[in-house]
Amino acid sequence: MEKLSIISGHLLEAAFISYLLGIIFFTWAAAKHRHGLTERIAWIVTAAGWIAQLGFFILRWMYSGHAPVSNLFEFMTFFGMMLILVLLIIYQLYRYPLLAVMALVISVLIIGCAAMFPREVAPLVPSLQSHWLYIHVTTAALGEAVLAVSFFAGFLYILHETNQEKQLKRVWLIEGIIVLILSVAGYMLLAILFRSFGYTASVSTADTSVIYQLPPLFVPSDMVSSPFPFGIPVPDWLRGENAALKLNTICLSLIAGCVLYILIRFFTRKRIGAALQPFVRRIPKEMLDDIGYRSVAVGFPIFTLGALIFAMIWAQQAWDRFWGWDPKEVWALITWLFYAAYLHIRMLRGWQGIRSAWLAVIGFCIIMFNLLAVNLLIVGLHAYA
């Protein structure tokens with residue numbers, strides 16, 4: 001079993017490297033605006049990475065004895081794998097390298113962040129010991145991955161249609177989204193940097209000690225001692241386990257994202273959106289709008305099936321109730337209602353183009369909030385996820 005664990009880890013690393021190579025090749029194809037050998041190489045390299053990650057998933061299932069989607073590392077890794085799968089399929093229909101670059105970048109960031117969470121295999125809690133674990137979670141992840149394509153297309157549409165000289169409010173919203181994406185990369189870089197130096201900080205509380213892998217800017221409200229003299233006590237409404245540690249990670253990630261943004265602005269000498277816009281305008285905006293709508297039309301029923309119907313059946317078996325207003329359940333419902341409203345006003349009110357694109361961007365932000373903030377900061381029955 002230990003050998004399977006080692007092999008699966010190497011397969012995940014190989015997949016990650018393949019995805020990085022895919023980004024390079026797709027970026028080259030987008031920059032040169034050539035549809036040919038470079039794109040084929042990019043697709044093949046990305047597909048090879050996906051096959052390697054599938055091998056990781058199967059081997060981890062074999063040595064853990066259950067579907068590897070039971071904690072945040074496993075789910076985020078699987079979610080990234082589903083994003084890549086959807087990209088590989090979508091690219092056979094819409095050959096736009098820039099769309100592939102954006103999908104790959106987000107997938108790599110998700111998988112990279114997943115690697116920062118504990119990777120150990122642990123026995124399942126009783127409520128997870130069910131075949132509904134892989135039925136519910138995998139279907140929900142696939143639905144979210146398809147819905148994510150609407151974000152990629154929507155963001156590129158907004159960038160396509162934004163006048164960088166006049167529409168300043170929209171310009172800064174675009175830059176804000178870029179900062180959030182860079183914050184995920186910033187977290188990865190911070191984690192790698194401090195781990196390479198073996199950094200840890202122990203913050204003592206009245207009952208226990210909390211080990212930080214990053215400098216403790218936020219500390220528990222009952223802190224007794226800390227190596228960092230300017231620690232900020234967490235707000236009273238954040239009472240969950242390790243809430244200060246999680247809030248600390250989020251805030252430091254945002255700071256790192258802002259630093260990365262400033263550095264990129266320094267070297268490009270212009271807003272990042274303005275630097276990307278010439279490449280985006282090579283894609284017909286009508287096609288971006290069509291991709292965004294079709295991805296929601298396909299992803300919404302899959303998400304409905306996995307995140308709501310299968311979830312309620314499992315909840316009835318595990319907790320003797322279909323619905324309990326757990327934070328994760330509430331935000332899954334909010335996500336479902338949002339995309340239902342998107343389809344409704346798109347079809348009945350004719351919201352296309354820029355308004356539809358903004359809705360797609362907001363929808364993906366809700367998905368990511370449900371994935372990260374709800375899991376990390378809000379206490380609930382799904383805290384183990």
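Q: Buried means under 20% relative accessible area, exposed over 50%, and partly exposed in between (1.4 Å probe, protein chains only); why is Ala141 called buried?
A: The relative accessibility of Ala141 is 0%, so Ala141 counts as buried. This is a predicted model, in which local features need pLDDT of at least 70 and side-chain atom pairs count only at pLDDT 80 or more, while totals for chains, interfaces and linings use all residues. Residues are numbered from 1 along each chain as its sequence is written, and side-chain values use heavy atoms, with hydrogens and water left out.

Q: What makes Tyr157 a buried residue, and which residues does Tyr157 contact?
A: Tyr157 has a relative accessible area of 9%, and is therefore buried. Tyr157 is also found in helix H5. Leaving aside neighbours within four places in sequence, Tyr157 is in contact with Lys285, Leu288, Asp289, Gly353, Ile354 and Ala357. Within the chain, Tyr157 and Leu147 are ten residues apart, and their C-alpha atoms are separated by 16 Å.

Q: How do you know whether Ser183 and Ser253 are buried or exposed?
A: Ser183 has 4% relative accessibility and so counts as buried; Ser253, with a relative accessible area of 9%, is buried as well. Ser183 is found in helix H6, whereas Ser253 has its place in helix H7. Neighbours within four places aside, Ser183 is in contact with Ser253, Leu254 and Gly257, and Ser253 with Ser183 and Tyr187.

Q: How do you know that the span of H1 agrees with its number of residues?
A: The expected span of a helix is 1.5 Å times one less than its number of residues. The 31 residues of H1 should therefore span 45 Å, and its end C-alpha atoms are 46 Å apart, which agrees. The buried residues of H1 include Leu12, Tyr19, Ile23 and Phe26. The buried residues of H1 pack against H2, H3, H4 and H8.

Q: What makes H4 a mostly covered helix?
A: Of the 18 residues of H4, 17 are buried, and H4 is mostly covered.

Q: How many residues of the lining of the second largest pocket are nonpolar, polar or charged?
A: The lining divides into 29 nonpolar, two polar and no charged residues. Ala, Val, Leu, Ile, Met, Phe, Trp, Tyr, Cys and Pro count as nonpolar, Asp, Glu, Lys and Arg as charged, and the others, Gly among them, as polar. A pocket is an open set of points on a 1 Å grid over the protein atoms alone, where a 1.4 Å probe fits, with protein on both sides within 12 Å along at least five of seven lines; lining residues have an atom within 4 Å of a point. Of the 31 lining residues, Val101, Val105, Ile181, Leu182 and Leu276 lie nearest the centre. Helices H1, H4, H5, H6, H7 and H8 each supply at least two residues of this lining.

Q: Why is the protein called as compact as a globular protein of its length?
A: The protein has eleven helices and five strands. Its radius of gyration is 21 Å, close to the 21 Å that the globule rule gives for 385 residues, so the protein is as compact as a globular protein of that length. The radius is taken over C-alpha atoms, and the rule is 2.2 Å times the number of residues to the power 0.38. Of the 385 residues, 51% count as buried.

Definitions and conventions
Helices (H or I, at least four residues) and strands (E, at least two) are DSSP runs, numbered from the N terminus. Contact means heavy atoms within 4.5 Å.
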